[in-house]
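Let's take a walk through a protein model together. Have the sequence and the 3D view ready, and follow along one step at a time.

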Number of protein chains: 2
Amino acid sequence: MNPTHYVVALLTLGLTTTSFSQSIIQLPTRHRHPLTGNRRIRADDSLYCASWRFSVETNDAGAWSSIPARCQDYVKEYVSGDRYLSDSDVVAGESLAFIRTVNVSAEDAGFESDKWSEIFDSNTFNEWVDLAEAPALPASLRFYKELQELGVTIFLLTGRDEFQRNVTVKNLAYAGYSNWERLFLREPSDEGKLATLYKSEKRLQIEDEGYTIQGSSGDQWSDLQGFAVAKRSFKLPNPMYYIA
Amino acid sequence: MNPTHYVVALLTLGLTTTSFSQSIIQLPTRHRHPLTGNRRIRADDSLYCASWRFSVETNDAGAWSSIPARCQDYVKEYVSGDRYLSDSDVVAGESLAFIRTVNVSAEDAGFESDKWSEIFDSNTFNEWVDLAEAPALPASLRFYKELQELGVTIFLLTGRDEFQRNVTVKNLAYAGYSNWERLFLREPSDEGKLATLYKSEKRLQIEDEGYTIQGSSGDQWSDLQGFAVAKRSFKLPNPMYYIA
């Protein structure tokens, strides 16, 4: 049986991330409780912002450029607390359940290719690195390691530029990632391409090498859509920014 | 200027809905507060079930057949309370914002077709009818009426069978819907088709009539995916059941 291959998409890190990191760290003080200092999110903001997050995560919102002012506290609380970890855990669990199915039924699945491939995005650890709130997102790292134990070969696909290879590899190693099959970064010819196109082209390249892309994970819809898409796609939570 | 056309997808009503309606009405009593009688959802269930709902609404979960037992109270609370209404409101607002953009920039948009079309799903009112908890989902009905005020011609597309036309029209009228352009139901030749295929074929038929499908709304991913997809798709909330 041939090894299962799993393509891992990495997050595009750039000005967007940086400016977000700053905005999220500079918490408004006006909503703090005068005695406890805890942030207080108004009930109607909480209701609205949960719905805003729904619309962002389902891609209903389409392109959006910044977190609504009234939702900055909400998003900070979301990503700093249990809910972000829990959402990531559930997605990782479902991704793993899927790839296990592929493993079990592999020889009966009738794939034309004799190599398999799948996309996974371990990216969200990067923003924690940016926020100096390492370690890696636990669910992503655990998933990555479980994929390796299953014999899944892992590709990494990031919107970063080739000149950032060293710092990217360093970040990955720092967060506990190792032994991927290949790390794709933007080559000069990829400059200026929308993420959806760039990542689709890289997936097509992988397919052209004979892999069947079984799955794909990413915290952006642009990691998952376009062409040469995976058989299953897994949207990881990210209410912090949007990459087209 | 030609009128803008908006395709409205209706929910598939069938055994799935019925069995859900029963299961959601039969509330477990074990979680009720002994004094107040209010339902109590364990904190860890609430955290998990919010993440389960994330994975369902993003389609990360893929096909699923039933609400996890530990999440039945959570889902009941979600659909009975403010959050379901708020999520629906936000999606309706974004859908409307989009169609307004199309209206404003219409003559500059350079569409090849001289007719426009868009998909919208007002469906969720149906499950309230099933639950005898009418009226219609307010956000959907408001959106429907605003579309009409904008001159948008509305198509309805449901997974129901043609023999259910009368009861469907009656339901729609009861909930306040009127003056749609056309209501599609499954014809005998559509029997047994997965919803994604059936709805894609109907969209293609609309396109073949010269419409450009600008948008699409539905509470199932199978309302939105496949071929002849709209330029923008809007996933309405539905953590209650999955239709492939």
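Which residues are buried in helix α7 (residues 165-175) of chain A? They are Thr168(A), Asn171(A), Leu172(A) and Ala175(A). Keep in mind as you look that this is a predicted model. If you view α7(A) down its axis, the buried residues fall within an arc of 95°, so they line one face of the helix. Now turn to the other side of α7(A): there, Asn166(A), Lys170(A) and Tyr174(A) are exposed.

Next, let's see how two helices meet. Two packed helices are described by the angle between their axes and the distance between the axes. Here, look at helix α2 (residues 43-57) of chain A and helix α3 (residues 72-80) of chain A, whose axes come within 9 Å and cross at roughly 65°. That angle makes α2(A) roughly perpendicular to α3(A), and the crossing is right-handed. On the α2(A) side, the contact is made by Ser46(A), Cys49(A), Ala50(A), Trp52(A) and Arg53(A); α3(A) contributes Tyr74(A), Val75(A) and Tyr78(A). Sorted by class, the residues of this contact are 6 nonpolar, 1 polar and 1 charged.

Finally, find the loop between α2 and α3 of chain A, where Ser66(A) has its place. Is Ser66(A) buried or partly exposed? Its relative accessible area is 48%, so Ser66(A) counts as partly exposed. From Ser66(A), look across to Met240(A): the two are 174 residues apart along the chain, and their C-alpha atoms are separated by 7.8 Å.

Conventions. Residues numbered from 1 in each chain as written. Chains lettered and ligands numbered in written order. Predicted model: local features only at pLDDT ≥ 70, side-chain atom pairs only at ≥ 80, totals over all residues. Heavy atoms only, no water. Buried < 20%, exposed > 50% of the residue type's maximum accessible area, 1.4 Å probe, protein only. Helix = DSSP H or I, 4+ residues; strand = E, 2+ residues; numbered from the N terminus. Arc of directions from axis to C-beta. Axes fitted to C-alpha atoms, helices over the stretch in contact; angles between N-to-C directions. Parallel < 35°, antiparallel > 145°, perpendicular 65-115°, else oblique. Left-handed = near helix turned anticlockwise from the far one by under 90°. Contact = heavy atoms within 4.5 Å. Nonpolar A, V, L, I, M, F, W, Y, C, P; charged D, E, K, R; others polar.
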